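Subject: Structure handover

Hi,

Here is the structure you asked about. My notes on it follow below.

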Protein chains: 6
Amino acid sequence: MRSNGRGSDQLRPMKLSVNVNKYAEGSVFIEMGDTKVLCTATVEEKVPPFLKGQGKGWVTAEYSMLPRATQSRNQRESARGKLTGRTMEIQRLIGRALRSVVDLRALGERTITLDCDVIQADGGTRTTSITGSFVALAIAISKIAEQHKLPAFPITDYLASVSVGVVNGEPMLDLNYEEDSTAKVDMNLVMTGGGAFVELQGTGEESPFSRQELNQLLELGEQGIARLIEKQKEALGPIALMIGSGQTGRGV
Amino acid sequence: MRSNGRGSDQLRPMKLSVNVNKYAEGSVFIEMGDTKVLCTATVEEKVPPFLKGQGKGWVTAEYSMLPRATQSRNQRESARGKLTGRTMEIQRLIGRALRSVVDLRALGERTITLDCDVIQADGGTRTTSITGSFVALAIAISKIAEQHKLPAFPITDYLASVSVGVVNGEPMLDLNYEEDSTAKVDMNLVMTGGGAFVELQGTGEESPFSRQELNQLLELGEQGIARLIEKQKEALGPIALMIGSGQTGRGV
Amino acid sequence: MRSNGRGSDQLRPMKLSVNVNKYAEGSVFIEMGDTKVLCTATVEEKVPPFLKGQGKGWVTAEYSMLPRATQSRNQRESARGKLTGRTMEIQRLIGRALRSVVDLRALGERTITLDCDVIQADGGTRTTSITGSFVALAIAISKIAEQHKLPAFPITDYLASVSVGVVNGEPMLDLNYEEDSTAKVDMNLVMTGGGAFVELQGTGEESPFSRQELNQLLELGEQGIARLIEKQKEALGPIALMIGSGQTGRGV
Amino acid sequence: MRSNGRGSDQLRPMKLSVNVNKYAEGSVFIEMGDTKVLCTATVEEKVPPFLKGQGKGWVTAEYSMLPRATQSRNQRESARGKLTGRTMEIQRLIGRALRSVVDLRALGERTITLDCDVIQADGGTRTTSITGSFVALAIAISKIAEQHKLPAFPITDYLASVSVGVVNGEPMLDLNYEEDSTAKVDMNLVMTGGGAFVELQGTGEESPFSRQELNQLLELGEQGIARLIEKQKEALGPIALMIGSGQTGRGV
Amino acid sequence: MRSNGRGSDQLRPMKLSVNVNKYAEGSVFIEMGDTKVLCTATVEEKVPPFLKGQGKGWVTAEYSMLPRATQSRNQRESARGKLTGRTMEIQRLIGRALRSVVDLRALGERTITLDCDVIQADGGTRTTSITGSFVALAIAISKIAEQHKLPAFPITDYLASVSVGVVNGEPMLDLNYEEDSTAKVDMNLVMTGGGAFVELQGTGEESPFSRQELNQLLELGEQGIARLIEKQKEALGPIALMIGSGQTGRGV
Amino acid sequence: MRSNGRGSDQLRPMKLSVNVNKYAEGSVFIEMGDTKVLCTATVEEKVPPFLKGQGKGWVTAEYSMLPRATQSRNQRESARGKLTGRTMEIQRLIGRALRSVVDLRALGERTITLDCDVIQADGGTRTTSITGSFVALAIAISKIAEQHKLPAFPITDYLASVSVGVVNGEPMLDLNYEEDSTAKVDMNLVMTGGGAFVELQGTGEESPFSRQELNQLLELGEQGIARLIEKQKEALGPIALMIGSGQTGRGV
């Protein structure tokens, strides 16, 4: 039995609060159970050096945990003077995942930076960051679309992420910290509204897993992601209609 | 006329939400107008090397702003690889101020770290951090007092902080960002419940100030601090009675 | 048609040269086509702080590319003063993968560090590093087993790694650099001798992929890994018999 | 009784030696008792990026202590790889203080960097650095004024700094190290020739202080600063006449 | 008696393998006994800032040891976050030595970077790096000369390097690690084909040395260098004829 | 003709002022013409980790230039966050040179750190640092000898250093900055009172040098060093008698 009486294919209670920051072009506070992440999207009218003059934009992400987001206090990476490998790995993943559903040419020479700051951590902070920052990104892009003539709305599909794993021999959806730390297999999925895979990262450090277990986990994940995307649509309201529409966005 | 029709001797609307973090020994979310800071207190049963074996505890603080706490995005200090001088100056100030009202010997060989993370910034983030973290500190210490026999309750007096400044030729209390950036004189006060000064930092970079102006600013500040301390008492509830009482805290 | 007339399910020419370093406890020079990696295994009779006194060992890895391993020269990470996110991600992956087939308790309080230095890079450096360093690890552990009474031979199964991807619409095995840079889907597999998954990392940044494409890629990968493990067995000679045997290794 | 029989309102013996460095545009060796600081002013015909094209100059400062300026040897900040918070705080203070008496527009697009290197430390190194570097700055600016047509002499007033504190219950001027380390209240003042405050930083970490104590300390400080400014005038000779004169400086 | 029965004036067995890297403009794998260094030369059509617009090129070097090039594993400098003093000293020496035989004006506005990566170390890694990278440099420059009209072949003379030392009271040529670590005097020589000194670095940390000992060591070194240069000529083949010829190189 | 009418075999005017720092165990302010270096010696009753428990001491050095020691201002290494290769090379040289005349076993388990801070630079800062810090070291060791029973006075011989070079085709002693920057050959010598070589570092980056030129330079250097050592003896007074005496030092 999972905590809160959750079934093995159930998500934790989820809440998306939009426009929580008065300065950011897009912002979302996402809660998945006790995991809470503030996602802000910042639009800048410039691109990194490697993209200059190509008529394309860029989407990137940064990820951080507050020192007391966790049970015992973690040293700040600013005090250590460098990012951990874990942080780098996660922020590269978030950026790569979001770019997979953005038409960078339609975005034009702009950079959108998603900042994912974990206020409280109880498992699944990277997947929660992706799900939340997709919404912040969509809000920020809708603001660009209101102000500028874009050739098409640059977001081509929905995107969400969830973890799955084998805990006590049973495949489970959306692991919290306690489950995650005892899981034999741990997998993070990023999928589109169309049901395709964007990222698939499975690890069996404690115990390798079979093709059959993989398939069970993928099915659990697919269902979970479909539900996350419904929640994203609700939170986005009228902006939701623009995603994947190919419209210019002027009418949002 | 100030924004929101505030008088020159009025504080911004203030809100203190306690116990907002499920892991920290003490936590407060403090809002002064649009300035919002999350303060968590972490208790560790050890002291820094320079205090080992002296039977005394330590109180220290760290301060950080989320990248989009401000109008334009700031680079993370973790990505820069080092803290700015401003951050170091602020976190040294917070720690020093809090220690002035803690009996480190009564605390015993423990370290309490206050993390002040600015979620949104609209002026006065350092003074707000001090006012909020005093409350988080009191909660954390009350938990120690419940579990351990202490010789006396280690907090000897209340402590709060506010900014004052001369804006458009007029002395004003609790400056927001817009006021702060046009102020000719800018002063931060940290004072105790007993009305004594703990820190006094005044700067007239744009225009030096006279002894008379100083006196006007100090009077505004004293009144503001008295009101902040009333709010702290409300937020602390029964813990408030322990502060400065010299009691052992067992009965909290 | 692939370069060198390779079929889509064929590995590149592979060569494993063992004991190439006169100091290291285990060493392998692995060549997969034009990708060349020197893997050395260093045994130290100590463990990292988090494992002290638990009677368990540790296996970890470091990865680096020589500056001119690539078409244009890369700045050294030592000169930059920090590791890139890519390097950290890869060395975490190598260590995690190797640990999945090592019984850390049977290893005893020892640390084995695998250094994977890419002498020349033509795609697949991380998978080649895993395949090569497994062999260096086995050699190093066989030397421990010769000198010390171990409760059992600590390597529980074979381990190899290969990349697969969709290039020009066709699933392919063991991508070289040119193929990798035009692949729509890119996946790295780490599998055991028993055919189970240890790591599965698929990315569809350019174009999300379907469940069917995933299955085709997994089949290509499984076959490739089986052939890699045959090569590892040849290179290891008599040591090969100890792997997964549970024997103490004294008799190697 | 203070060491050397000093009265509580007396400065330590003070010596200002000008033009001690053959390369710097301005240089001063200042001694306040056993505290000795070398201040050099460097003029560069460029401004920091944030000021480019605004027709304004910049004045900034750096501060450092030699490793054996103090009783026990301090590790070099260059060897530690970063500046301490204390150093950053002090050099920000020195720069801010000096800018308060410089008309940056009259200076033109130039940067003047004051380097304050503490050769020997016996309390009051930051205040001594300000007092000395004002003189080095004035010399350097007089050289610019000789060579370039400036709209007006850019230094608008004198500036000096001193510490005051409560030691053994008694307010005292210009604390040496021994006094400083036992002081209950410690305050640094920066004031202009006109008697206005530029910086006021008081700390009662050990014991909060009252409004009355503050007033006593301010009076002691005002007198001390007046005497420091007399000494600066003597050291500057004919340059002294230009300060605050608004003249173009051609005639110096 | 030396290991392998070497006489005191004999070099270790030496092997130069050219063009071992498929990407680099010049590459050499040099073996002096058990010391093995990979030297690659990279040509870039730009110069460092301090040389811009002067019509001159630049030659520079970087040096690194693989972690297990030595008997016990060394921490990577990339993981430490900075270069050691030893590495900096060696790479400055290699660059300075090579530049002494390059006509930077004839080279034109290009930078050649020599990367010397020590694969295995058994004494004399810096001298071996110089001897090997001279050959890699010559190959790279011959490629430039084939493609561009140069005013003259930019290499003006041969260059090689060897160590000499006093071991057990006897002057010896080309010390291996064991000899080097017991040597009383240790000297590195860099000389030209014409027999002149480019660098002479002698250290008698354990025991100062006399003028007579110096002379004996210089004679041993001169002979060794002459033999090294013969080997370089063999390895370079037809390119050898261009060195010091002053010809334009078009005909190589 | 050299500046100040110096002959090619003449040292610049030299001044050694001892005991200039009130805290350091030994201190010297050395002036060679316009090159001025403050050398302090710090004694600590501990040794670095690699020497623990061996009954031996350690002597080490640090070197730094004040930012405006030179014609144009240099960025501080503390602000850059790391030491330059030049600094590391120099401080390694100073430490190595001094250790060559110290009996580390007679010193006992103590570390002496020589800090060489260049106040003004006009060529020869590294050789001047060695000559000056030898004196500071001798003073510091004489203080140890006064307080502790040592088996013998730990300094076994005198030590001084000077530069020589070929300027405008002529060998010259003790180059100033202007001479040094036009020298074709540049050599630093460190020699003992007994006339033996401790370090010999010659560089002919601009133009290789012959055996004959080397001999001329060595003769100039030998004479210069003899004169420097006479000056050291004068400055040391009675301490001079202990050097190389093998006496216990109690009677100093």
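**How the chains meet**

Contact here means heavy atoms within 4.5 Å.

Before going on, the ground rules. This is a predicted model, in which local features need pLDDT of at least 70, side-chain atom pairs count only at pLDDT 80 or more, and totals for chains, interfaces and linings use all residues. Residues are numbered from 1 along each chain as its sequence is written, chains are lettered from A and ligands numbered from 1 in the order in which they are written, and side-chain values use heavy atoms, with hydrogens and water left out.

Back to the copies. Two copies of a chain are related by a rotation about an axis and a shift along it. The superposition is by least squares on the C-alpha atoms of residues with pLDDT of at least 70 in both copies.

Chain D goes onto chain B by a rotation of 180 degrees with 0.0 Å of shift along its axis, at an RMSD of 0.0 Å. In chain D, the C-alpha of Gln201(D) is nearest the axis, 2.3 Å from it. Of the contact residues of chain D, 100% recur in chain B, and the same surface serves both copies.

Some pairs of chains do not touch. Chain C and chain D share no contact, and their closest C-alpha atoms lie 11 Å apart. Chain B and chain E share no contact either; their closest C-alpha atoms lie 11 Å apart.

Helices (H or I, at least four residues) and strands (E, at least two) are DSSP runs, numbered from the N terminus. Helix H2 of chain A covers residues 85-99. The expected span of a helix is 1.5 Å times one less than its number of residues. For the 15 residues of H2(A) that gives 21 Å, and the end C-alpha atoms are 21 Å apart, which agrees. Of those 15 residues, 13 are buried, so H2(A) is largely enclosed by the rest of the structure. Buried means under 20% relative accessible area, exposed over 50%, and partly exposed in between (1.4 Å probe, protein chains only).

An unreviewed UniProt entry places the feature "binding site" at Arg86(A), Gly124(A), Thr125(A) and Arg126(A). They span 41 residues in sequence, yet no two of their C-alpha atoms are more than 13.4 Å apart, so they gather at one spot. UniProt positions follow the numbering used here, feature names are shortened, and annotations may be inferred rather than shown by experiment.

Two of these residues in more detail:

- Arg86(A) lies in H2 of chain A. Its relative accessible area is 27%, so Arg86(A) is partly exposed. Leaving aside neighbours within four places in sequence, its contacts include Thr125(A), Arg126(A) and, in another chain, Arg92(C).
- Arg126(A) lies in helix H4 of chain A. At 18% relative accessibility, Arg126(A) is buried. With neighbours within four places left aside, its contacts include Arg86(A), Glu89(A), Asn188(A) and Gln201(A).

**Rings**

How many aromatic pairs does the structure hold over all chains? There are 18. Rings of Phe, Tyr and Trp (its six-membered ring) pair if their centres lie within 6.5 Å; planes under 30 degrees apart count as stacked, over 60 as edge-to-face and the rest as tilted.

One is the tilted pair of Phe134(A) and Tyr158(A), 5.5 Å centre to centre with 50 degrees between the planes. The two residues are 24 apart in the chain, with Phe134(A) in H4 and Tyr158(A) in the loop between H4 and strand E6. Phe134(A) is buried, at 0% relative accessible area. Tyr158(A) is buried too, at 6%.

The rings of Phe209(B) and Phe197(D) have centres 5.5 Å apart and planes at 35 degrees, so this pair is tilted. Phe209(B) lies in the loop between strand E9 and helix H6 of chain B, and Phe197(D) in strand E9 of chain D, so the pair joins two chains. Both residues are buried.
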